[in-house]
Amino acid sequence: MTQAQAFFNEMFDAGGVRGPYQQLQSWVDDMPAELRSLKQAEAEALFRRIGITFAVYGEGGDPERLMPFDMFPRVFAQDEWRRLERGIIQRAKALNAFLADVYARGEIVRAGLVPRDLVYRNEAFEPAVVGFTPPRGVFSHIVGIDLVRTGPNDFHVLEDNCRTPSGVSYMLENREIMMRLFPGLFRENRIAPVDGYSEELRRTLASVAPPKCDGEPTVVILTPGAYNSAYYEHSFLADLMGVELVEGQDLFVEGEFVWMRTTRGPQRVDVIYRRIDDAFIDPLCFRPDSMLGVPGLMDAYRSGGVTLASAPGAGVADDKAIYCFVPEMIRFYLGEEPLLQNVQTWQCARSEDLKYVLDHLPELVVKEVHGSGGYGMLVGPKSTREAREAFRARILADPGNYIAQPTLALSACPTFVNEGVAPRHVDLRPYCLVGDRVTLVPGGLTRVAMTEGSLVVNSSQGGGVKDTWVLSE
Amino acid sequence: MILTVHHRTRYTYDRAMRGVVQTQRLTPSRFDGQSVQAWDIAVTCDDGARMVPGGSFRDGAGDLVQSCSIVGPVTEVVVTVSGTVETVDLTGVLRGHRERIPPEAYLRPTSATAADVSVADLARQATDGVPESDGLARAHRLSEAVQAAIAYRPGVTRAHTTGAEALALGEGVCQDHAHALIAAARCVGLPGRYVSGYLQATENGTPHEAAHAWAELWVAGLGWVGFDASNGVCPDDRYIRTGSGRDAREAAPIRGIARGPGTEALDVTVAVGQAQQ
């Protein structure tokens, strides 16, 4: 970006160091360069020992990478966080209300507030669960909301993740590692803990036990297996929650229930936190060639024998075209005004929007409607003419598959770089849990674009992570 | 008309299987055109195995879904359906059927019902000159066009043949007619779906299969209307409707998976008769 100060700096404003970062100023000032590189090496060793890696595809070579970890924390004051929290909880409630509605009477569609075709012809809309109400009416039990900050009080939602948002293991590990590296920081600052997340997740999952469950519900995590890029997170969460991590072959349906093979014989399973896509969870209902799922699972689910989290079909709420209507959902279901803003979005499916997008490609970020992870997107200001022309052809070939947004001035947070400390752009993904109650741990995953000026924070595109602090009163 | 159904599906395995899981759509739909007088579904297996009934529920399309599992070792599973249904001729209209899935959801193709250029051409030519407001006439034209383009001939297509492939072949059975009709209807914006059920045999030699399938197309103002392109008619009182879906796989009377080393063999007998009044 050419205009160096056109973004909000989370640490410094015109008056100097902003409140939440006061303590960190002396921390960084007092840190000798040798100590810093020592600590950085220690952090990397810790990550390697724990084995936290992620996979990057399409670049050749070994896809396993170590996530770059930046030791400079990102800090929210208590009042900043309270405002954010209200907005996030509001949004998670509205998204779930929308899902419960479109799989039942579809009142929001009948009211003309969301186009019928956008919902019912959506590839994430799942006819197999129409008319079925999951326990407590919850479809998305873990809602990951991607936020960017553009000013002291301005937060925008970039996208919602209602299926299986990943990355929460980084939130927990980043904190763990910061506490090991800099225990003094945690004595000097009152930082709200995040380690209650796994217990709250377990409690949330247990609270949506199916109607046929009597007694203490058995919760498991269903993973596609060790080759999945988020396998580490699946095993990490199972470990923290004290529940079994299973693959499809470890489960079977007998009669009305799902059972897990154990060394002490079959054990009934009540709640499955599944990290497998809808299409693969049951070859009798969805893709018949799936080897990852459990035959008969959907019948057990739809007859109240087991709960699936997230509910199959939840993806229709986090589609990038549906996203535009979330503010309407908040007004329609909750009767409230949205506390978090959406980013202005042009839908290439509309001819006037398409024309605008094609005329303004150098200024816009263009994304695939169903894309994720920073793949298949064009960042206009950073693109070459050739890249834009190639992208123009792709948009024209299938306009409905693309949306565009203005290039946002993402806030920046101090980050350790070779030359010292410099601002780098960040976003935030908090994880909202929805069960018998809606809760949010004080923190989230802060992703940081490690390259100067870069606005792409995805780990697959060279982004790193930071510990995220919420200060107590 | 009062129709009696005897439908027996026998699965055998050359080596004992550890277990079988099935999901069944074997119960007649509830609508004004048919009422069940008696209906029984029995699942049996060899002595060493154990059948455990699974959950049952009515899905968003209004179908009654029942599941069951068989705990092995199992070498044989027999599903026997028998019953009596009183039917009324509603000229194909699915009147009084309760369901929740909006018709737009049937505009999404599956691999069996995806259209290609030939299907799209057939759909355009068939409906050429028929105003969009006259959905019923367009649906009839489409059904006639599919019947003319795909000759009824058993044995040339297989379970996984798509509607577009059957059209290219020019031959097929009821499943192929239904898939091709659904694909063609979507090309002109009409939602379509696959229906499985039974058809009473007639004496005059028109092609038929007692275990039958046809398509339903969504006609504004009328709702879902059945079209049997294999026989060139709309379903009447000789038909019994059991299940529906976006294609044959979704609407299948029985979908099952067996775990184990054996190879499956399938034998189906269906008899649909008219009861003495």
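How far apart are the mean positions of the positive and negative charges of chain B? In this predicted model, the mean positions of the 25 positive and 31 negative charges of chain B lie 7 Å apart. Lys and Arg count as positive and Asp and Glu as negative, with His and the chain ends not counted; each charge is placed at NZ of Lys, CZ of Arg, CG of Asp or CD of Glu.

Chain B contains 5 helices and 12 strands, which are DSSP runs (helices H or I, at least four residues; strands E, at least two) numbered from the N terminus. Its radius of gyration is 19 Å, close to the 19 Å that the globule rule gives for 277 residues, so chain B is as compact as a globular protein of that length. The radius is taken over C-alpha atoms, and the rule is 2.2 Å times the number of residues to the power 0.38. Of the 277 residues in chain B, 55% are buried, meaning under 20% relative accessible area (1.4 Å probe, protein chains only).

In chain A, strand β13 (residues 271-274) points Val271(A) and Tyr273(A) one way and Ile272(A) and Arg274(A) the other, and all are buried.

Residues are numbered from 1 along each chain as its sequence is written, and chains are lettered from A and ligands numbered from 1 in the order written. Local features need pLDDT of at least 70 and side-chain atom pairs count only at pLDDT 80 or more, while totals for chains, interfaces and linings use all residues; side-chain values use heavy atoms, leaving out hydrogens and water.

Terms used: Buried means under 20% relative accessible area, exposed over 50%, partly exposed in between (1.4 Å probe, protein chains only).
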